[in-house]
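Please consider the structure shown below, together with its sequence. The paragraphs that follow move from the arrangement of the chains to selected elements within them.

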Number of protein chains: 2
Amino acid sequence: MPRLNQNEDSLVQRIARVFAGEPADSHSTLKGQVGDDAALFAPKRGYETILTCDWFLEGTHFLRDKHPADAVGWKCLARAVSDIAAMGGQPRCFLLSLALPQACTGHWLDEFLRGLRRAARKFSCFLAGGDTTQRKEILINVMVVGEVRAGQAVLRSGAKPGDVIFVSGRLGEAELGLRLLRSANAAANKRIAAVKKHLYPEPRVALGMWLAGECLANAMMDLSDGLSSDLPRLCAASGVGARIEEAKLPIVPTAANKRTERFDGVQLALDGGDDYELLFAVPRGKVARIPRSFRGLLLTKIGEITRGRALLRKDKNNSKHELVAGGWDPFRKKS
Amino acid sequence: MPRLNQNEDSLVQRIARVFAGEPADSHSTLKGQVGDDAALFAPKRGYETILTCDWFLEGTHFLRDKHPADAVGWKCLARAVSDIAAMGGQPRCFLLSLALPQACTGHWLDEFLRGLRRAARKFSCFLAGGDTTQRKEILINVMVVGEVRAGQAVLRSGAKPGDVIFVSGRLGEAELGLRLLRSANAAANKRIAAVKKHLYPEPRVALGMWLAGECLANAMMDLSDGLSSDLPRLCAASGVGARIEEAKLPIVPTAANKRTERFDGVQLALDGGDDYELLFAVPRGKVARIPRSFRGLLLTKIGEITRGRALLRKDKNNSKHELVAGGWDPFRKKS
């Protein structure tokens, strides 16, 4: 039930209460308290700090009637943690900026905080502070602080011609989940793997840390908007081109299931967003050190980095096409 | 003129271009680049990191037709930097989360970035990254990273009975500026001091650093929502009460001017938000070390910290009243 007369201080206290007793409280590197002007964070010696922030907005990134509140809580943190993973870093703490309608300060908030706390525990990333206000729509911004050993961060800009392009997991699965969710009349069926991946994505922190620690990747990023939009960003930052092969893409086998057979697995893999898998470029001499799977997570060669700036996609018949960005872009989709 | 076909990548590049060549670029402690997954920040040895974030939302915190775009740019950063000042810290860098209507991606964005860059230079706080998306209304979230020598941060929770309560500057001036702005039919007259303070607040970074460095304050916070709302927060965090005297408040002399004579200076000082002055508690033995002004900024004793939890206000006739929170609270004002 919505609690009326909720004011900002009691909202902050409620959030603090949900996170009280979490490991962060006893952690020597986090001082101050939720509700102070700012959070204090003692960085480890020899480490660099990684900073990232991510919007998660009702109507733009999620729908109040389709996305369970606990999934909103989980995903807003998972998305931002994925940016830390993409640098090879370890998440440490986060700030939560939350704007809520009065009607969401009761049950919805409880469920949201439950999902958020579950994610915080899973990713070892703890609430350090934030800002709250009232608003007609639910607005969320999550800022995550991570750490990486000095000099080990993997940027987007280091890819070199000849590097082999890898991706983790299956591409397009979260997009498939979103489509199933949108077409469903009933509440989300979280047991369907694709729906689960869309609602509760798992940032690839362990993989990113391993690749960075072993110096196996020249460049890396996470796939948040879709391969066809994100690969060009990595290539632009590195001043290189790329050639990928459709036949090698780790697609979701849509044809095997009546519920999904109308979707094209290759198109989902190219243009589907929200997978939060890692895309990374490995120098040829180190390719043998990349296993087929890392702790149960598939790792797949999908192409290579090339000289020049061309971005090519080889289809199943070996015909070459330009890779056209068809992923998520808020300024394209809505204009 | 609004630029159509603006997409997210070109927006990020435009923001990066405005900030290119800023000191941060040549600063050894900031690596990576705007547009990468996350920003890299090398903390100084022996310092703690301070983290804060602040909403700045159209309709809630500013009005598109009343607030010039460059003031929105200035103020969104100044507000967050003020939280760093309130801990006694020095701002270092910030992340900008920006959601814009398509119509604001032209002239409005240029002006916004101009104000933001001016503030960034003034506060020595540089753009390290962020996130952009499209939205019907302008949504801003700014996350600032600062630093303070380990152990020197001043929290809200350290006030002790007998401490003398000080504030910097004049209270209620920004609220007066807001009222003048709202009642004006024409564009904002930035030459009026109160309007200028509302539009372009100056966080008290130098004062906060001095107080922290000299260990002069037991507790400190910035006045963002108004004295009657913020002082109770400091007292609650410290487990103490307070008694302030109306006659001592550094109010704005509203009666002296025909434009402002209808406003009550004391009420403005108690309940007016957005001043971003510092509120701090000084142990009695150190009061003599606090000058009447610090680099031209007025410092005023307004009362003292007391045992128990009572919050009292003595009026001009020496009658005591309970101090009632009448400052800004998004959940009270709008519900």
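Through which surface do the copies meet? 100% of the interface residues of chain B are also interface residues in chain A, so the copies meet through the same surface. This is a predicted model, in which local features need pLDDT of at least 70 and side-chain atom pairs count only at pLDDT 80 or more, while totals for chains, interfaces and linings use all residues; side-chain values use heavy atoms, with hydrogens and water left out. Residues are numbered from 1 along each chain as its sequence is written, and chains are lettered from A and ligands numbered from 1 in the order in which they are written.

Two copies of a chain are related by a rotation about an axis and a shift along it.

Within chain B, consider strand S10, residues 277–282 (strands are DSSP runs of E with at least two residues, helices runs of H or I with at least four, numbered from the N terminus). Six of its six residues are buried (under 20% relative accessible area, with a 1.4 Å probe and protein chains only). In a regular strand the side chains alternate between the two faces of the sheet. Glu277(B), Leu279(B) and Ala281(B) point one way from S10(B), and Leu278(B), Phe280(B) and Val282(B) the other way. Strand S7(B), residues 164–168, runs antiparallel to S10(B) and is joined to it by four bridges (pairing requires at least two DSSP bridges); Val167(B) has Leu279(B) as its bridge partner. Strand S8(B), residues 219–223, also pairs with S10(B) in the antiparallel sense, over five bridges, and there Asp222(B) is partnered by Leu278(B).

In chain A, helices H3 (residues 69–85) and H4 (residues 107–123) pack at an angle of about 35° with their axes 6 Å apart (axes are lines fitted to C-alpha atoms over the stretch in contact, and angles run from 0 to 180 degrees between N-to-C directions). Cys125(A) lies in the loop between H4 and strand S5 (126–134) of chain A. At 0% relative accessibility, Cys125(A) counts as buried. Beyond its neighbours within four places in sequence, its contacts (heavy atoms within 4.5 Å) include Leu77(A), Val81(A) and Ala120(A).

Methods:
Buried < 20%, exposed > 50% of the residue type's maximum accessible area, 1.4 Å probe, protein only.
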